[in-house]
Amino acid sequence: MYWEPDKECMDRDELEQLQLERLEATINRAYLNVPFYRKKFDELGIDPDQIKSLDDLKRLPFTTKQDLRDNYPYGLFAVPLREVVRIHASSGTTGIPTVVGYTKNDIKTWSNLTARVLTAGGVTKDDVVQIAFGYGLFTGGFGLHYGAERIGASVIPISSGNTRRQIKIMQDFKTTALICTPSYALLLADTMYEMGINVNGLSLKYGLFGAEPWSERMRKEIEEKLKITATDNYGLSEVMGPGVAGECLERNGLHINEDHFLVEIINPDTLEPVKPGEVGELVITTLTKEAFPMIRYRTRDLTRLITEPCPCGRKFYRMSKVLGRTDDMLIVKGVNVFPSQIESVLFEIEGTEPHYQIIVDRKGHLDELTVLVEVSEQIFFDEMKKQHELIELIKRRLASELGISVEVKLVEKKTLERFEGKAKRVIDRRNLTD
Ligand code: DLL
């Protein structure tokens, strides 16, 4: 049930003591070995020895993705390359990738932390684990692979893509746990139905999904279609990859591995901490990383902290499912719109499929938001009047949720693009027409 019960069920006092010791060590290591941090600390007149409590963390500067880019490729490494045994990178959207490194110890820690997440999601040494995350510079495949091996599960490192082959292997190798993005899980499920495969004949029990936001509706849909228990897990390459946080079988928030990561939730505008339990941007400080320590990294991910005890017995605080990213936020007609708001409206409406696409355009000087919604065949071929009613209903609901008017188009099942990795649901055409 637990991978490291002495850590995962640690008392808060003991945990905070450990966090402080590790924080002091991390700050010293960063100050001594990374000129970028030394310069920033010196500019602010901060002496690492002045950090004497967890609260003192607030005095330290934030680190952003831009800092990683400015120091491309190895500028933020705290050890010489000789000690680095693995390098990963994320491509990002702006061109310059962010590069991260791991020492031998970092890889050990990483495997342990993904082993925790996998165990919390139900995986044991008796499982056959199909890892359909990409293997390569992306951290998803390798990160979870090492954890699953550490547990002693039988790992199928199939990587992403080739959906029909995934399904054949799932059948023949008797896969019991599937690991990929939630959107790929849905694509696998839909392809199975198309191929006429009876999912009851599969051996699948658990699905561990992450690397992109997904709604409770999507969880329900995946669980029903694949007949599994689906948990969410979170991470980002800048601070490690998968293994930062993961749900237990209660499926009510993701336990953060707080003995390795110190988290804060801030208001992204004022940069001040939000009130306990409020939604804000997650900021992470690594506590044990050797090659690539991160101090107050602004993740851009929006979530809230859940401090109430979890019935599973783990003492680590949980974070709610990620609600979106601050940089996913669209400003349409001057109003802030998050794709997750649109998804949650569609969730409430009967007859719509979990596939949608958001298109933002500019006609003249006016922004226009169009939501394409897949609907069941029955509705698509229904009489015009019924379709019209559905469109009007979605429009009304969206307008009241978002505060702006939105165009809605119904599209036939399977017309919108499907994804083997992270889904891309927003197309912003405004730059092209500006
Ligand atoms: O996506 C690491 C990962 C791999 C996590 C496999 C879980 C499973 P990056 O490619 O660096 O790393 O992307 C990190 O993805 O800042 C979030 O915006 C988003 N993200 C990751 N996990 C979740 C999740 C990996 N469970 C970025 N829910 C993060 C929502 C997630 N968003």
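A polar side-chain atom of Asp301 lies 2.6 Å from an oxygen atom of the ligand, a polar contact being a pair of N or O atoms within 3.5 Å. A ligand nitrogen atom is 2.7 Å from an N or O atom in the side chain of Asp232, and a backbone N or O atom of Pro213 lies 3.4 Å from a nitrogen atom of the ligand. Taken alone, the ligand exposes 610 Å², of which the protein buries 93% (Shrake-Rupley areas, 1.4 Å probe).

The model is predicted: local features need pLDDT of at least 70, side-chain atom pairs count only at pLDDT 80 or more, and totals for chains, interfaces and linings use all residues. Residues are numbered from 1 along each chain as its sequence is written, and side-chain values use heavy atoms, with hydrogens and water left out.

## Shell around the ligand

The ligand is surrounded by 20 residues, each with a heavy atom within 4 Å of it; the closest are Asp232, Asn233, Ser237, Asp301 and Lys422. Strand 7 (229–236) and helix 6 (139–151) each supply at least two shell residues (DSSP runs: helices H or I, at least four residues; strands E, at least two). Strand 7 gives the most, with five residues.

## Helix 8

Gly196, with a positive phi near 75°, follows helix 8.

Technical notes
A polar contact is a pair of N or O atoms within 3.5 Å; within protein, one must be able to donate a hydrogen and the other to accept it, and residues adjacent in sequence count only if both atoms are side-chain atoms.
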